[in-house]
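Here is a short note for someone opening this entry for the first time. Please keep the sequence and the model in view while reading.

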Amino acid sequence: MSVAGSASSATRSSKVVIIVLASCGIAVSLMQTLVVPLLPEFPHLLHTTAANAGWLVTAPLVAGAVCAPVTGRLGDMYGKRRMLLLSLATMAVGSAIGAVSDDFTAVLVGRLLQGAAVGVVPLGISIMRDELPEERVGSGVALMSATLGIGGAVGLPITGVVAQELNWHWLFAGAMVFALVEIALILWVVPESSLRTGGKFDFVGAVGLSAALTCLLLAISKGNEWGWSSALVLGLLAGAVVVLLLWGAYELRTAAPLVDLRVSARPTVLLTNIASVLVGIAMFTGFLVGSQLLQAPPETGYGYGLSLVVAGLVLLPIGAAMGLFSPVSARISRRYGPRTTLILGACVLALGNLGGSLLHDPLSVVVVNLTIASIGGALAYGALPALIMRSVPTTETAAANALNSLARSIGTSGCSAIVVALTTGSLVHVAGGTYPSINAYSWVFVVAGGAGLVAALIAAATPAPPRYEAVTHRVAFAVGGSR
């Protein structure tokens with residue numbers, strides 16, 4: 001075969017790998033919002049309380065935050081594709097449990113397992129860095145990162161259609177089939193990276209980080225329900241601080257830490273991760289409240305009384321915008337650098353959210369504001385892993401991306417807590433029901449817009465990363481996965 005033919009084959013193969021990995025990212029990010037529109041129905045469907053039903057959203061966020069750095073480190077040590085397959089298998093098992101269960105506890109376990117698969121996204125980003133030709137890495141990483149938002153947006157109309165036309169169990173059954181198909185595609189298309197860090201897995205570090213994150217995210221997510229000044233919430237926050245300090249001291253002393261804090265403390269990495277928390281808050285707001293705004297009755301002063309299905313379809317531009325603008329993020333980063341892209345994305349996020357806080361009518365304006373925010377999310381999410389990968393050695397890519405994914409997970413969990421706290425703090429009673437007031441939603445968007453602005457300022461203060469050289473020896477691989 002000619003050199004040109006080999007190059008063309010490699011290009012086609014790299015495109016297929018990007019598509020398959022991105023579809024895996026969409027699969028796991030769908031789990032974030034899979035049940036959000038059905039939350040008002042779950043107390044009746046599962047014979048539980050509204051507070052317990054809220055755990056069906058909170059639990060997978062916590063599980064994802066805990067599992068992402070662990071699977072990232074294991075991927076660096078034992079193979080990224082191997083951990084990718086394990087994560088998708090975990091999602092398949094959790095989905096199968098939800099598909100056949102009417103018991104709240106069983107469905108909650110299923111949701112935990114679904115959330116644990118969120119490490120697929122940083123693993124996919126790392127595989128792209130290891131295996132793709134240099135010219136394809138930027139666009140592939142931007143698309144993979146944007147799948148966290150694309151899947152979340154697409155999940156809303158899917159949930160509406162399936163829940164209205166079929167039994168809600170089909171949501172979980174469909175997720176199981178999706179995961180199994182992705183496993184088959186990974187085995188067929190995606191090669192295993194030859195890069196390994198080796199060493200011994202830091203079990204103590206994994207347990208310590210899991211305990212600290214669980215305490216922190218539980219307090220953030222349930223603070224409004226349990227009371228921010230309650231002994232339980234204060235105890236969880238204090239426990240998180242103590243455990244994190246002990247964990248940090250241990251990680252600095254161990255030879256093969258779960259998270260290399262010296263690398264993570266570099267200004268570029270640290271500030272990027274802080275900005276990621278704020279970007280997560282700013283981006284996830286529209287996913288959490290968009291459908292609720294559209295379904296609320298007009299008597300609330302802001303609602304449009306749309307059905308679950310119609311509301312989901314109206315919000316489709318959110319997901320479409322993220323998909324369309326992820327390659328734009330890559331092009332801007334390639335020309336001006338990912339820091340510039342992050343600043344731009346965070347500013348656009350702020351613009352969309354602040355617009356949402358001021359303008360609630362007509363419907364087209366609401367959709368435009370939410371879409372603007374999603375465009376900002378696509379730009380910012382595409383830039384975050386690019387900044388991280390320029391700042392860490394190749395052998396630490398998966399762990400570093402997993403830590404960045406953790407930062408975004410903390411942001412989305414924090415967003416959930418903020419939304420719950422604000423929307424339950426100011427209520428109106430209309431049309432025989434109780435709904436958040438228009439002021440409550442305005443403040444939700446103000447906080448999200450402020451998070452975007454602060455993220456932009458942090459990005460502007462972030463020093464340019466000392467770019468590590470990408471892997472120079474790249475061998476063309478066939479679609480079958482041989483290299």
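**Notes on the predicted model**

1. **An exposed loop residue.** Start with H47, which counts as exposed because its relative accessibility is 69%. H47 sits in the loop between α2 and α3. Its phi is near 55°, a positive value in a residue other than glycine. Most residues other than glycine have a negative phi. So H47 deserves a look on two counts: its 69% relative accessibility, which makes it exposed, and its positive phi.

2. **Confidence.** This is a predicted model. The average pLDDT of the chain is 81, and 90% of the residues score at least 70. Two stretches need care. Residues 1–12 have a pLDDT below 50, and this stretch has two contacts in the model beyond near neighbours in sequence. Residues 469–483 also have a pLDDT below 50, but here the model shows 36 contacts beyond near neighbours in sequence. Please read both stretches with those scores in mind.

3. **Overall make-up.** The chain has 18 helices and two strands. It holds 483 residues, and 57% of them are buried. Its accessible surface is about 18100 Å², with 70% belonging to carbon and sulfur atoms. How far apart in sequence are the residues that contacts join? Take the contacts between residues at least 6 apart: 81% of them join residues at least 24 apart.

4. **Aromatic pairs, part one.** How many aromatic pairs does a search of the whole structure find? It finds four. In one of them, F42 and W168 have ring centres 5.5 Å apart and planes at 85°, so the pair is edge-to-face. The cut-off for that label is over 60 degrees. F42 belongs to helix α2 (residues 42–45), while W168 lies in the loop between α7 (134–165) and α8 (169–189), so the pair ties together parts that are 126 residues apart in sequence. Both residues are buried. Ring pairs also bring in F172, which forms a cluster with F42 and W168.

5. **Aromatic pairs, part two.** W55 and W226 form a tilted pair, because their ring centres are 6.3 Å apart and their planes are at 40°. Is each partner buried or partly exposed? W55 counts as buried because its relative accessibility is 19%. W226 counts as partly exposed because its value is 30%. The cut-off for buried is under 20%.

6. **A charge over a ring.** Look next at R408 and Y381. The charged end of R408 sits over the ring of Y381, 4.7 Å from its centre.

7. **Two buried serines.** S374 is in helix α16. S374 counts as buried because its relative accessibility is 3%. Its side chain reaches the backbone oxygen of T371 at 2.6 Å. Which residues does S374 touch, not counting those up to four places away in sequence? They are P317, I318, A321 and M322. S329 lies in helix α14 (residues 316–336). S329 counts as buried because its relative accessibility is 0%. Not counting residues up to four places away in sequence, S329 touches A142, T341, A378, L379, G382 and A383.

8. **A proline in a loop.** P257 is in the loop between α10 (231–253) and α11 (261–264). P257 counts as buried because its relative accessibility is 16%. Leaving aside neighbours within four places in sequence, P257 is in contact with R73, D202 and E251. The C-alpha atoms of P257 and D202 are separated by 5.7 Å, though the two residues are 55 apart along the chain.

9. **A valine in a loop.** V392 is placed in the loop between α16 (363–389) and α17 (397–423). Is V392 buried or exposed? V392 counts as buried because its relative accessibility is 1%. Its C-alpha atom is separated by 9.8 Å from that of T268, a residue 124 apart along the chain.

Note on methods. Residues are numbered from 1 along each chain as its sequence is written. This is a predicted model: local features need pLDDT of at least 70, side-chain atom pairs count only at pLDDT 80 or more; totals for chains, interfaces and linings use all residues. Side-chain values use heavy atoms; hydrogens and water are left out. pLDDT is the predictor's confidence in each residue, from 0 to 100. Contact means heavy atoms within 4.5 Å. Rings of Phe, Tyr and Trp (its six-membered ring) pair if their centres lie within 6.5 Å; planes under 30 degrees apart count as stacked, over 60 as edge-to-face and the rest as tilted. Helices (H or I, at least four residues) and strands (E, at least two) are DSSP runs, numbered from the N terminus. Buried means under 20% relative accessible area, exposed over 50%, partly exposed in between (1.4 Å probe, protein chains only). A charge sits over a ring if NZ of Lys or CZ of Arg is within 6 Å of the ring centre and within 35 degrees of the ring normal. Accessible areas come from the Shrake-Rupley method with a 1.4 Å probe; for residues, only the protein chains shown count as cover. A polar contact is a pair of N or O atoms within 3.5 Å; within protein, one must be able to donate a hydrogen and the other to accept it, and residues adjacent in sequence count only if both atoms are side-chain atoms.
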